[in-house]
Amino acid sequence: DKIIQRMGGRRVCSACGASYHVDFKPSAKPGVCDRCGGSLIVRKDDEPATVLDRLKAYHEQTEPLVEFYRQRGKLVEVPDQGSIEATTAFLLKLLEA
């Protein structure tokens, strides 16, 4: 549900390509780009049905790699840090270790 909310809420300007999110980075006027006044659209790959298809493919094709790398001691799990800045700081600290 969280992935669908995040991806399904993304919007992009059809004119200049600026990115928005209905919950996390909304435009000042709903459906209108702050930068150029263009229309905000949902990209095909952000539509809920497409997101569900992508998640299915992930679980079938990619998720098995998690155990593969875990068994070899090559997997580092990154817990949700709440923000991009906090996640970046967490990752940099891991890389320095």
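Is Phe68 buried, partly exposed or exposed, and what is its relative accessibility? In this predicted model, local features require a pLDDT of at least 70 and side-chain atom pairs a pLDDT of 80 or more, whereas totals for chains, interfaces and linings use all residues. Residues are numbered from 1 along each chain as its sequence is written, and side-chain values use heavy atoms, with hydrogens and water left out.

Phe68 has a relative accessibility of 34% and counts as partly exposed, where buried means under 20% relative accessible area, exposed over 50% and partly exposed in between (1.4 Å probe, protein chains only). Phe68 belongs to helix H3, residues 64–71; helices (H or I, at least four residues) and strands (E, at least two) are DSSP runs numbered from the N terminus. Together with Leu65, Tyr69 and Leu75, Phe68 forms a nonpolar surface patch with about 330 Å² of accessible area. Such a patch consists of nonpolar side chains (Val, Leu, Ile, Met, Phe, Trp, Tyr) joined within 5 Å, from residues with over 30% relative accessible area and no salt bridge; the areas come from the Shrake-Rupley method with a 1.4 Å probe, and only the protein chains shown count as cover for residues.

The protein chain has an average pLDDT (the predictor's confidence in each residue, from 0 to 100) of 93, and 100% of the residues score at least 70.

Ser27, in the loop between strands E2 (19–21) and E3 (40–41), is buried at 10% relative accessible area. A polar atom of the Ser27 side chain lies 2.8 Å from the backbone oxygen of Lys29, and one lies 3.2 Å from the backbone oxygen of Val32. Leaving aside residues up to four places away in sequence, Ser27 touches Tyr20, Val32, Asp34 and Leu40, contact being heavy atoms within 4.5 Å.

Across the whole structure, 8 salt bridges are found, each a side-chain nitrogen of Lys or Arg within 4 Å of a carboxyl oxygen of Asp or Glu. One of them pairs Lys2 with Asp80 at 3.6 Å, N to O. Because Lys2 lies in helix H1 and Asp80 in the loop between H3 and helix H4 (84–96), this pair ties together parts 78 residues apart in sequence. Lys2 is partly exposed at 49%, while Asp80 is exposed at 57%.

A salt bridge also joins Arg43 and Asp46 (3.4 Å, N to O). Arg43 is partly exposed at 36%, whereas Asp46 is buried at 2%. Glu47 and Lys44 meet in a salt bridge at 3.8 Å, N to O. Salt bridges with shared partners link Arg10, Arg43, Asp45 and Asp46 into one network.

Technical notes
A polar contact is a pair of N or O atoms within 3.5 Å; within protein, one must be able to donate a hydrogen and the other to accept it, and residues adjacent in sequence count only if both atoms are side-chain atoms. Patches are made of residues with over 30% relative accessible area and no salt bridge: like charges are joined within 9 Å, nonpolar side chains (Val, Leu, Ile, Met, Phe, Trp, Tyr) within 5 Å.
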